[in-house]
Amino acid sequence: MIFEIVILAMIAAFLGLRLYSVLGRRAEHEEESIPNRFDPAQPPPPAAVPQRKPAPNAESQFDGMPDVIPAVERGVREIAAADSRFDITGFVEGAKGAYGMVLEAFWKGDRETLKELCDDDVYESFDGAITAREEAGEKLDNRLIRIEEAVIDRASLDGTMARVAVRFVADIAAVTYDKDGNMIAGSLDDAVESRDIWTFMRDVNSTDPDWLLDETDEG
């Protein structure tokens, strides 16, 4: 019995020494000053500075576009010189998007969208056509299948007003229904080639980056 007590006492003493050594070392470390990432003595790492994309140079506007006629090139260079944000490739892509949005809005009779994208004269023309269609009870089921071509046809800078005309060649499926829902024109199975020249305008001194549709012609 005494022997067992002695053995247990020796085990307890051994465990006590081990526990003390562990806790004692931890306490010593906790007393040391731990640097804090918000400690004013430690300057914060410098914030990453976003790199601004350089504005397109007027001399590089026509890289990869050898077929641009001199008159268009001259007009685009004048616009690019007056507005460092102007980029011919980005403009053409934006014009293609606007072409689709305006057509969809006109077909659906969405006057609010047309008013945002067109100047007053063009909007009034679209509004008059929509009103005539509504009075006749007709509805359109038109679809822009694809834009085959979108190229700048003219470009000019008059004072601070830039105007760029884009020639579109597109495939459009068009159907017209009368007030009774009967198809009276068109077909959704056969797309028809449409050729248009749309002119967009923008004051280069304006803080508004959007271009407005200023004129529409058949191309």
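**Group meeting: a walk through one protein chain**

D203 sits in strand β4. Across the sequence, D203 and A162 are 41 residues apart, yet their C-alpha atoms are 6.1 Å apart in space. D203 touches T160 and M161, not counting residues up to four places away in sequence. Contact here means heavy atoms within 4.5 Å.

Before going on, the ground rules. This is a predicted model, where local features need pLDDT of at least 70, side-chain atom pairs count only at pLDDT 80 or more, and totals for chains, interfaces and linings use all residues. Residues are numbered from 1 along each chain as its sequence is written, and side-chain values use heavy atoms, with hydrogens and water left out.

How confident is the predictor? pLDDT is its confidence in each residue, from 0 to 100. The mean for the protein chain is 80, and 69% of the residues reach 70 or more. Over residues 26–55 the pLDDT is below 50, and beyond near neighbours in sequence this stretch has two contacts in the model.

Now the overall layout. The protein chain has five helices and five strands. From the N terminus, the order is α-α-α-α-α-β-β-β-β-β. These are DSSP runs numbered from the N terminus: helices are H or I with at least four residues, strands are E with at least two. Of the 219 residues in the chain, 27% are buried. Take contacts between residues at least 6 apart in sequence: 58% of them join residues at least 24 apart. The chain exposes about 15200 Å², with carbon and sulfur atoms supplying 54% of that. Those areas come from the Shrake-Rupley method with a 1.4 Å probe, and for residues only the protein chains shown count as cover.

On to helix α3, residues 88–108. Its 21 residues should span 30 Å at 1.5 Å a residue, and the end C-alpha atoms are 30 Å apart, so the two agree. The expected span is 1.5 Å times one less than the number of residues. Buried residues in α3 include F91, Y99, L103, F106 and W107. Just after α3, G109 takes a positive phi of about 75°.

What does α3 meet in α5? V102, F106, W107 and K108 in α3 meet F126, A129, I130 and R133 in α5. The residues of this contact divide into six nonpolar, no polar and two charged. For those classes, Ala, Val, Leu, Ile, Met, Phe, Trp, Tyr, Cys and Pro count as nonpolar, Asp, Glu, Lys and Arg as charged, and the others, Gly among them, as polar. The axes of α3 and helix α5, residues 120–136, come within 9 Å and cross at roughly 30°. Axes are lines fitted to C-alpha atoms, for helices over the stretch in contact, with angles from 0 to 180 degrees between N-to-C directions.

Next, the strands. I172 is in strand β3, residues 161–177. I172 counts as buried because its relative accessibility is 10%. Leaving aside neighbours within four places in sequence, I172 is in contact with residues including Y99, L103 and W107. I172 and N142 are 30 residues apart along the chain, with C-alpha atoms separated by 7.0 Å.

Back to β4, residues 183–203, for M201. Buried or exposed? M201 counts as buried, because its relative accessibility is 16%. M201 and R163 are 38 residues apart in sequence and 4.4 Å apart in space, C-alpha to C-alpha. Beyond neighbours within four places, the contacts of M201 include D119, R163 and W211.

Last stop, E116 in helix α4, residues 111–117. E116 counts as exposed, because its relative accessibility is 56%. E116 and D210 are 94 residues apart in sequence and 9.7 Å apart in space, C-alpha to C-alpha.

Notes: Buried means under 20% relative accessible area, exposed over 50%, partly exposed in between (1.4 Å probe, protein chains only). pLDDT is the predictor's confidence in each residue, from 0 to 100.
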